[in-house]
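Hi,

Here is the structure I promised to pass on.

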Amino acid sequence: VKAEVSLLLNGKSSSNGDVFKRVDCEGAPNKLRRNVCYIVAAVLVRPCSDGQDHEILMMQEAKASCRGRWYLPAGRMEENETLVDGVKREVLEETGIEFEPNALLSAEFQSLNWIRFTFTGSPTGGELKTEEKADKESLQSRWIPWKQLTSREWQHHLRSTDIMPLIRQTLEWYNEDADKKVEVLPNYLPLTHCFVRAILVEKSVTGSQSRFRVFAGHRSCPSIPLFCAERISSLNSACVQALQRFGYKGSVQIVGACSVEHAGQPSPTQPDCDGVCFTILLRPDDAIPSYRKPVDSDADCWLSIEDKPTCQLIERLMLPKGSISLVCH
């Protein structure tokens, strides 16, 4: 179990994909355009020529409902594509720019059936779409300075201001030290439903030394809590139920996601593959007045994390930009 925890904390996929087959999932499998909608978006940033600001890659909408408005390159996932392939396609179609994603920065939830994944990365080729190349995807694209985007005048030119927190988060991410920020991409793993894997980390400090332990369910059969969230409306409820099913009764707080697993491409052995799994880092919510630390049961299993690299990794994941941001609307 410790080896699996280390893999997941490092943004990797579980070494044992068969564990998902042992989780009860009663409803229909996730299927794009039927019962789930995944949106992929990209925030591409480059320094302005004067070095005083940053420019953001934006596109001008062609859809009748918001024609002429500006927005980030974003759109719905298509069938039989990975999250990374989907965001690369959207950016190329809407801006003319080829890019290589290097980090999944956030996942936003209207429910567990509507999720927007936001990436960042580096341009690798292509040319900005001009008005002469306008099509049904977009009218044109431009690099627009951040200061200009935040001006009162430009707010009226945007399709929606919901992209402003995404851009601000990305700029903060670029300005953060490399050893203090997340830089992981989704792992390829065919899944049928939406799953939540809960890594609950408890921290204690003795003098100048931090100690960590991870909740691993029942002592008789230690494992990381894994839960099929097919009929759960919110991410927080899914995390709480995952832990409760494995015996934990305390309140928890979501820190972020350390890994995301998804495939989107069917295989002979896995025809349904639009599912996704979020490995979520949590901590006891001792900030709320009513919190009482649960008394350890003899049946509970807590794994002490003792090796220095994993302890340092947990410390980094707990930082503001250390894990994939999870936003519930």
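This is a predicted model: local features need pLDDT of at least 70, side-chain atom pairs count only at pLDDT 80 or more; totals for chains, interfaces and linings use all residues.

The chain holds seven helices and 16 strands. Its radius of gyration is 21 Å, close to the 20 Å from the globule rule for 329 residues, so the chain is as compact as a globular protein of that length. Along the principal axes, the C-alpha trace spans about 70 × 50 × 35 Å.

Burial comes out at 51% of the 329 residues. The accessible surface is about 15,900 Å², and carbon and sulfur atoms account for 46% of that. If you take contacts between residues at least 6 apart in sequence, 72% of them join residues at least 24 apart. As for charge, I get 39 positive and 43 negative side chains, with the centres of the two sets 3 Å apart.

Now helix 5, residues 164-175. At 1.5 Å a residue, its 12 residues should span 16 Å, and the end C-alpha atoms are 17 Å apart, which agrees. The buried residues of helix 5 are M164, L166, I167, Q169, T170, L171 and W173.

The loop residue is D135, between strand 7 (114-126) and strand 8 (140-145). D135 is partly exposed because its relative accessible area is 35%, which falls between the 20% and 50% cut-offs. Setting aside neighbours within four places in sequence, D135 touches A62 and K129. R213 is 78 residues from D135 in sequence, and their C-alpha atoms are 54 Å apart in space.

Cheers

Conventions: Residues are numbered from 1 along each chain as its sequence is written. Side-chain values use heavy atoms; hydrogens and water are left out. Helices (H or I, at least four residues) and strands (E, at least two) are DSSP runs, numbered from the N terminus. The expected span of a helix is 1.5 Å times one less than its number of residues. Buried means under 20% relative accessible area, exposed over 50%, partly exposed in between (1.4 Å probe, protein chains only). The radius of gyration is taken over C-alpha atoms; the globule rule is 2.2 Å times the number of residues to the power 0.38. Contact means heavy atoms within 4.5 Å. Accessible areas come from the Shrake-Rupley method with a 1.4 Å probe; for residues, only the protein chains shown count as cover. Lys and Arg count as positive and Asp and Glu as negative; His and the chain ends are not counted. The place of a charge is taken as NZ of Lys, CZ of Arg, CG of Asp or CD of Glu.
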